[in-house]
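Please consider the following points while examining the structure.

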Amino acid sequence: EKGLHHLAISPDGGRRWARLQGLDLSAGHRKAARETLVPLVALLFGWDVHTVTLWLFGTGHWHRDKEMVDNLLHYIGDFLLLATELAIKNEIKIIILGRKDRLPAFLLTIIDDAHEKTKTYSKHILNVAIDYSGRDEINRACVRVLESGMSKDNLSVENFEQYLDTAHQPYPHPDILIRTSGDQRNSDFMAWQLVFTELYFTRILFPDFDAISLKEAIIYFSKRTRRFSR
């Protein structure tokens with residue numbers, strides 16, 4: 001009734017969670033990838049949300065400790081393997097947002113497999129943002145526009161959107177963005193698509209974000225009066 005077609009999650013707080021548990025800093029990312037994410041995604045699609053977007057690796061992550069980056073990319077691979085199994089059972093198309101030219105070969109193999117096995121599905125979409133930033137996406141879209149030879153007279157907001165990573169999706173603009181761990185900012189996620197998105201911030205660290213936490217976010221959304229202008 002409230003038009004919840006697309007829900008996006010910025011799953012933050014993995015390192016803080018690990019510190020609080022007295023574990024190595026990658027433990028939070030490992031728990032999120034192997035235990036937290038798939039049940040939440042399954043719940044959302046079970047509740048008939050059409051599109052779910054997860055931001056798992058930002059362009060800024062490359063500046064972190066190399067061992068942590070390597071671990072995170074492997075955990076993302078673990079998640080994609082689990083997500084592909086879920087997608088096949090539930091007719092979910094997996095789409096990768098972001099750059100692929102800097103990703104390791106093992107992860108590209110997993111990505112290609114997920115794409116090949118789910119490319120014909122249309123019941124749901126799972127966007128997984130890897131090596132992604134909103135400004136980088138807009139920059140890459142501008143390059144595509146220039147390469148297409150489109151004249152300035154033909155360029156419009158609607159036409160430009162067809163050069164973004166979410167091009168040709170039925171619901172490219174999230175209705176709500178959930179960000180965990182307490183920070184109340186966007187941090188360069190879907191800079192174009194989030195202009196009228198409802199924002200939900202929680203202090204819960206993502207490895208502890210569960211079905212009850214998700215329901216609370218959706219209840220918040222259900223009470224909002226949507227506005228699509230200033």
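1. In this predicted model, the largest nonpolar core comprises 46 residues. Those with the most contacts inside this core are Leu7, Phe79, Leu80, Leu126 and Ile130. Helix α3, spanning residues 66–90, supplies the largest share of the core, namely 10 residues.

2. A second, separate core contains 11 residues, including Leu97, Leu177, Met190 and Leu194.

3. When neighbours within four places in sequence are left aside, leucine 126 is in contact with Val41, Phe45, Val52, Leu54, Phe79, Ala83, Ile92, Lys93, Ile94 and Ile95.

4. The structure contains 19 salt bridges. One of them links arginine 99 to aspartate 101, with the closest N and O atoms 2.6 Å apart. Aspartate 101 counts as exposed because its relative accessibility is 56%, and the cut-off for exposed is over 50%.

5. Aspartate 24 and arginine 30 also form a salt bridge, their closest N and O atoms being 3.6 Å apart. Aspartate 24 is partly exposed, at 43% relative accessible area, and arginine 30 is likewise partly exposed, at 25%.

6. Within helix α4 (residues 105–118), lysine 117 and aspartate 113 lie 4 residues apart, about one turn of the helix. Their side chains meet in a salt bridge at 3.2 Å, N to O. Lysine 117 is partly exposed at 41% relative accessibility, as is aspartate 113 at 31%.

7. Some salt bridges share partners: Asp12, Arg16, Arg179, Asp183 and Arg185 are joined in this way into one network.

Notes
Residues numbered from 1 in each chain as written. Predicted model: local features only at pLDDT ≥ 70, side-chain atom pairs only at ≥ 80, totals over all residues. Heavy atoms only, no water. Core = buried A, V, L, I, M, F, W, Y, C linked by side-chain atoms within 4.5 Å. Buried < 20%, exposed > 50% of the residue type's maximum accessible area, 1.4 Å probe, protein only. Helix = DSSP H or I, 4+ residues; strand = E, 2+ residues; numbered from the N terminus. Contact = heavy atoms within 4.5 Å. Salt bridge = Lys/Arg side-chain N within 4 Å of Asp/Glu carboxyl O.
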